[in-house]
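Me: I'm new to this structure and would like a close look at one part of it: the aromatic rings and what they pair with. Could you walk me through them?

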Amino acid sequence: MSEREPVERDQAPSPSRRGFLAAVAAAAAGVMIAPGIRLIELAAARPAGEPASGAVRWGLLIDTTRCARGCEDCVAACARENALERRGETSVAETQRPQWIRKIELKELATGRELSLPMMCQHCARPPCVDVCPTGASFKRADGIVLVDQHRCIGCRYCMMACPYQARSFVHEPLARQNPAVPRGKGCVEGCTLCVHRVDRGLAPACVAACAEAGHGAMLFGDLNDPASAISRRLREVASVEVRADLRLGTGVRYQGI
Amino acid sequence: MTQPSSAPLSAPWASRAGERRFWLAGALGALVLAAGLAAAHYMEVHGHAVTGMSNRIVWGVPHVFAIFMIVAASGVLNVASVGSVFGQPVYKARARLSGLLAVALLAGGLTVLMLDLGRPERIVVAATHYNLRSIFAWNVLLYSGLFAIVALYLWTLMERRLNAYSKYAGLAALVWRIVLTTGTGLIFGFLVARQAYQSAVLAPMFIAMSLAWGMAIFLIAQAALFAWQGRALDPAIRRRMARLLGVFVAAVLYFVLVYHLTNLYFARQVEFTRFILASGGAYPLLFWLGYVFVGSLVPLLLLFHPRSDDDRTVIVASTLVIVGAFAQLYVFIIGGQAFPLELFPGYAASSTFFDGAIAAYRPSLAEILLGFGGLALALVAAVVGVRVLPFMPEDDRRVVAAGSGAGE
Amino acid sequence: MRALTTAVRRASATAPGPAAARGDRARGLRAVALVLLVGALFVPLSASAQAGGRTPQPEIVIDAEGGCVAPPDEMRRNHMNMLIHQRPLTVRQGVRGAEVSLRGCIECHASREDGSAIGTRRNFCQSCHDFVAVRLDCFDCHQARPGAEGVRR
């Protein structure tokens, strides 16, 4: 029974919420790729007032064989969800525009094999950004999500120097059109939050949802600590790797098909 | 060696011209400082969009200036250490000036670093929340500590009753600044993911750099102040200090050589080393022409050539060492980031975030002004310092009085 | 919009005290402006200013009905501490649906006129702060407008 529904735990879901969950569940049901494996695994929302638990470790498995070259659905969904400025929507230089998730196109030099994959914060178990942050603004939440506490970030950018994945961005300009659930602002470092505001409500990250809704099914989100979760089961079955495994950071994001 | 008598030696100008030049330097410094502060304000209002820095070149020209000043601050204090700890009278007479310059440079460097922050107004957070796993946080502690230790040290040097303790204060300062410069080197050395930085050689290399740059700054400051006061520097003293500068410059060159050789030895570092030393456009040019030739070989020639022994030569050589230092830091800090991170060895990568591509960087006027503003702050602090307190070495008076060799 | 506000209120509906009645009141939300002039209750803020005789008072406009997350007196004195206390719990520990939340403040205290909690002296979070010359940087990042739970679909 890995298919835990938030509704089961929530005593009194509001009508709007129930409708919403139904829609997501329907979307999820539509993207079953194999019996018992769902691409959007709905986690239970934590009850109000409870802190994130160390019993859970959120992770992602990315199937590069299902990730199409040039497809940017996850990138677009991330920008929409987190109200990131897209290309052309801001006057800052392209190198200064925040990108929490990006598509990397790869070509193996020895063989010419081409592949494509999304790259974002890898939510390391031993994150270098957290180690180097002078004020402790970079931190790892109990459930493994690596975040920036923007109230403590002084904007020194040392974490950006330390991140092996170039996964963090710096806000180079004053902002005004944030998503109310995703505060962001000038002078702080930011990066993929694994859509913590959605995950805490029992929803999958926006990129994962978009990838599934479009029928690609290249991203699988779930609890790595739960042996019965879809992601854990898949990880037991297929070969997957950490990017820059040599650094032994214990990433929460893994890739298959590289 | 006796300490200053009750008559303070602060700026007894020999001539109106000397005094005028002194004030000119101060006024120029204040002007540049004001421009630097205006630039910082501009960056604060508009965000770092008005700089050339980006998500790829995260640290830019302000950091080149800041790290130069912080590293040089530690090195300039070496003059005092040699005097107090190793009992060299010539250097001991210069301990106070050396301490003043150290404090001034450290203030300049930290100011630039602070004003470049995305949220400089939150600097108190850096003072109240320490992540003790962060070498950066340790550096914050080390820098603040150096201020305190140098202040204490200067006090023992200036207050006659405390003179006896100056040796211990000097020893504390010596140990502290070696730790501090090691720490500064490790800010980069701990960046395991970056080809340019993950090297233990960086710690001793930064110490050598600090000695060279600090000595160069000291020699320039000393020559300028002596000239403005119409005093003549004992050639024997100058020669000794110039030689020492030469030794330090050679030491830096040695560590730079080791750093690149070890990098060449690791297969996965070869690409990066080729970029920095050969194929990287402006960076190899700055490295070979700026750092190696102008900043090291020419000064070495000037400093060790038996017939080029006068004030002018020493000033020129010291200036070139500083120019070379900036070239070296630019290549090290910015060139090191321009080279792409290698996420997938064996693959060619491309993305909207410039994976696999060399990052471009063009510093904006604002960040350059901020950097110079920090240097100007150091200059103004030093100028005001020597004006109000007896910081100047007075060995020439004793030399004149005793008619003997340097210092004692 | 109304449904969403309801949802937010529901999240804290289990708490005892004045908050308990909130769900019902919110259901009957009408655009009723409730202007509270704080007057003498506002002594700690204006004590120094009052020395000079009659002085302008902040105009505090509260459109929401019912009660706050704590008694008004307590809120006036303590709301900053409540927010600063809750902040790391929510951000760093992941405690959601807490009584005190900046989003919650905005949902109730954004003006019905222009939909924002800041902007002019008649906007709730700016009224007193202008008066006591406190500049909040919170709204550099946080939206001062009520909005969905913020989860986009």
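Reply: Happy to! One term is needed to start: a residue counts as buried when its relative accessible area is under 20%. Please also keep in mind that this is a predicted model.

Let's begin with Phe22(B). Its relative accessible area is 0%, so Phe22(B) is buried. Across the whole structure, a search over all chains finds 27 aromatic pairs.

Now for a second pair. The rings of Phe68(B) and Phe326(B) have centres 4.6 Å apart and planes at 35 degrees, which makes the pair tilted. Here as well, distant parts of the chain are linked: Phe68(B) sits in helix α2 (residues 61–76) of chain B and Phe326(B) in helix α13 (residues 311–338) of chain B, 258 residues apart. Phe68(B) is buried, with a relative accessible area of 1%. Phe326(B), at 18% relative accessibility, also counts as buried, because the cut-off is under 20%.

Beyond pairs, there is a cluster to look for. One aromatic cluster is formed by Tyr158(A), Trp59(B), Phe136(B), Phe188(B), Tyr197(B), Phe206(B), Tyr259(B) and Phe332(B). As you trace it, notice that Tyr158(A) is listed with chain A and Trp59(B) with chain B.

In chain A, the charged end of Arg157(A) sits over the ring of Phe170(A), 4.9 Å from the ring centre. In chain B, Arg231(B) lies over the face of Phe226(B), with 4.5 Å to the ring centre.

To put this part in its setting, here is a brief word on chain C. Chain C has seven helices and two strands, arranged along the sequence as α-α-β-α-β-α-α-α-α. Of the 153 residues in chain C, 32% are buried.

Notes
Residues numbered from 1 in each chain as written. Chains lettered and ligands numbered in written order. Predicted model: local features only at pLDDT ≥ 70, side-chain atom pairs only at ≥ 80, totals over all residues. Heavy atoms only, no water. Helix = DSSP H or I, 4+ residues; strand = E, 2+ residues; numbered from the N terminus. Buried < 20%, exposed > 50% of the residue type's maximum accessible area, 1.4 Å probe, protein only. Phe/Tyr/Trp six-rings, centres within 6.5 Å; stacked < 30°, edge-to-face > 60°. Lys NZ or Arg CZ within 6 Å of the ring centre and 35° of its normal.
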